[in-house]
Amino acid sequence: MSLPSAAQGGGAGPSPGAGSVVPTLPHSPEGVGGAPLALRNDRPQQSFQAMWAELAPIGRHPDSGGYRRYAWTGADAECREWFRAQAEARGLAVETDRNGNQWAWLGDPLAGDAVVTGSHLDSVPDGGAFDGPLGVVSSFAALDELRRRGAEFTRPLAVTNFGDEEGARFGLACVGSRLAAGQLTVEAAHRLRDADGVTLPQAMAAAGYDPDAIGPDPERLARIGAFVELHVEQGRALDLSGDPVGIASAIWPHGRWRFDFRGEANHAGTTRLADRRDPMLTYAETVLAARREAELAGALATFGKIAVEPNGVNAIPSLVRGWLDSRAADQDTLDTVVAAVERAAREHAERAGIDLDVVRESFTPVVEFQHALRDELGTLLKGSAHGTGRPVPVLGTGAGHDAGILSASVPTAMLFVRNPTGISHSPAEHAAEDDCVAGVTALADVLEGLACR
């Protein structure tokens with residue numbers, strides 16, 4: 001699927017009522033012990049391609065071609081307005097919860113045992129078009145497919161857009177779902193700052209939301225019977241197996257660690273090499289150690305972000321701050337890799353007279369998606385009239401998702417759509433149109449099986 005060329009999205013603000021106060025929703029008994037609830041059939045629906053083209057220009061940078069949809073910015077507000085418009089066009093009741101996550105409901109949201117699908121619309125810096133948005137667009141498209149089939153729902157259903165999933169602005173991933181699940185305290189959330197020193201509460205308030213309302217939302221999560229997130233695969237497993245769609249088995253344990261190397265600032269043109277306390281050299285040695293240790297353990301380790309002070313071309317740095325992202329198939333392997341990287345960093349720092357602090361900024365343990373729900377998805381897709389009749393591949397992933405955060409509170413599962421190159425978090429991220437359509441069909445089959453019985 002090719003993306004239309006477009007300029008970067010603008011800065012529309014939130015609509016009235018888009019703040020954290022939840023609006024009153026209709027409490028229809030339909031689909032909750034009464035007559036089955038059918039999707040409205042009196043409004044024209046956009047095709048997947050039309051929705052994709054409408055969303056594509058928002059937050060797209062004209063030079064890089066990548067996306068800069070950061071939390072609580074103008075591009076984020078435009079994405080939220082797009083979500084609201086798509087939901088309302090389908091007769092869904094839209095609400096924004098206390099943590100800024102959007103929900104679009106079919107049926108009574110208070111009835112319980114709801115089936116929820118969706119993903120996120122924010123991006124990493126200059127990220128690709130598919131990571132997150134594919135799941136949201138596919139959710140609306142799957143509802144359209146079920147309407148075409150004449151499906152009647154016996155359980156409430158919602159499409160959701162979780163806020164600040166990527167953590168691009170404040171450095172912590174899945175803020176919206178972490179807050180809802182009680183995995184991020186209000187105090188810790190209020191301490192989050194972006195690169196310009198703007199705090200999360202300041203950013204939320206500027207966008208028209210109430211930062212004092214954030215916090216755990218156990219009552220809402222207790223009303224969810226199943227959450228299914230569709231996502232573009234961020235690897236090549238499906239491309240290698242020849243399958244357009246797969247089912248997630250687990251998310252690898254992963255975390256982010258900040259390494260602060262402190263040396264001595266000095267003149268680059270007059271300070272002898274032997275007299276330098278240059279933290280950049282120790283940082284470089286640590287980057288190489290991370291690659292070496294990850295290869296030995298069959299894990300992943302990446303230093304992808306760096307900050308330097310005073311950051312002058314002709315100045316030896318006084319501080320080099322680097323962030324390590326590490327992931328592995330199991331906890332012991334991850335612990336081994338991170339410990340080895342830190343040990344190597346401290347050895348190099350001691351030899352060079354560099355001070356070192358290491359801080360773990362975030363961590364997510366291994367997530368095993370609920371086996372019963374995962375197996376049910378496999379059965380539904382294998383037995384579907386729209387399926388191939390053969391088992392759908394089950395694969396693990398090293399990427400974190402809102403579904404992983406929610407798994408401690410809600411039965412969760414994930415579907416992956418083939419990515420022919422395996423590239424993600426880049427403008428080169430891609431999924432073919434036929435595979436996207438296959439993903440929509442698979443999601444519709446799953447939602448029909450879960451919510452229409």
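First, the ground rules. The model is predicted, so local features need pLDDT of at least 70, side-chain atom pairs count only at pLDDT 80 or more, and totals for chains, interfaces and linings use all residues. Residues are numbered from 1 along each chain as its sequence is written, and side-chain values use heavy atoms, with hydrogens and water left out.

Helices and strands here are DSSP runs, numbered from the N terminus: H or I with at least four residues for helices, E with at least two for strands.

Let's start with helix 1, residues 48-55. Which of its residues are buried? Phe48, Met51, Trp52 and Leu55. Buried means under 20% relative accessible area, exposed means over 50%, and partly exposed lies in between, using a 1.4 Å probe and protein chains only. Look down the axis of helix 1: the buried residues fall within an arc of 100°, so they line one face of the helix. That arc is taken over the directions from the helix axis to the C-beta atoms. Recall that an α-helix has 3.6 residues a turn, so residues three or four places apart point the same way. The buried residues of helix 1 pack against helix 2, helix 3 and helix 13.

Two of those partners also meet each other. Helix 3, residues 133-149, packs on helix 13 at an angle of about 60°, and their axes are 8 Å apart. Axes are lines fitted to C-alpha atoms, for helices over the stretch in contact, and angles run from 0 to 180 degrees between N-to-C directions. The crossing of helix 3 and helix 13 is right-handed. The convention: left-handed if the near helix is turned anticlockwise from the far one by less than a right angle, right-handed if clockwise.

Who touches whom? On the helix 3 side, the residues include Leu134, Ala141, Glu145 and Arg149. On the helix 13 side, they include Cys436, Val440, Leu447 and Glu448. Contact means heavy atoms within 4.5 Å. By class, this contact has nine nonpolar, three polar and four charged residues. For the classes, Ala, Val, Leu, Ile, Met, Phe, Trp, Tyr, Cys and Pro are nonpolar, Asp, Glu, Lys and Arg are charged, and the others, Gly among them, are polar.

Now strand 3, residues 102-106. Five of its five residues are buried, so strand 3 is largely enclosed by the rest of the structure. Gln102, Ala104 and Leu106 point one way, while Trp103 and Trp105 point the other way.

What pairs with strand 3? Strand 2, residues 93-96, runs antiparallel to strand 3 and is joined to it by four bridges. Two strands pair if DSSP finds at least two bridges between them. Valine 94 has alanine 104 as its bridge partner. Five residues sit between the strands of this hairpin, and glycine 100 has a positive phi near 85°. Strand 6, residues 157-162, is also antiparallel to strand 3, with five bridges. There, glutamine 102 stands opposite asparagine 161.

Four strands form it in the order 11-13-9-14, with antiparallel pairing. Strand 11 and strand 14 stand at the edges with a single partner strand each, so one side of each has no neighbour in the sheet. From one strand to the next, the twist averages 20°. Strand 9, residues 254-262, pairs with strand 14 over nine bridges. Helix 9, residues 279-297, lies across strand 9, strand 11 and strand 13, and runs at about 170° to strand 11.

Leucine 356 sits in strand 14. Buried or exposed? Leucine 356 is buried, at 11% relative accessible area. Beyond its neighbours within four places in sequence, its contacts include Phe259, Phe261 and Ala349. Its C-alpha is 9.6 Å from that of threonine 282, 74 residues apart along the chain.

Last, the backbone. Most residues other than glycine have a negative phi, and most peptide bonds are trans. Tryptophan 72 has a positive phi of about 60°. Tryptophan 72 lies in the loop between helix 1 and helix 2, and is buried at 10%. Histidine 425 has a positive phi of about 55°. Histidine 425 is partly exposed, at 41%, in the loop between strand 17 and helix 13. Finally, a cis peptide bond joins glutamate 309 and proline 310, with omega about 0°. Proline 310 is in the loop between strand 11 and strand 12.
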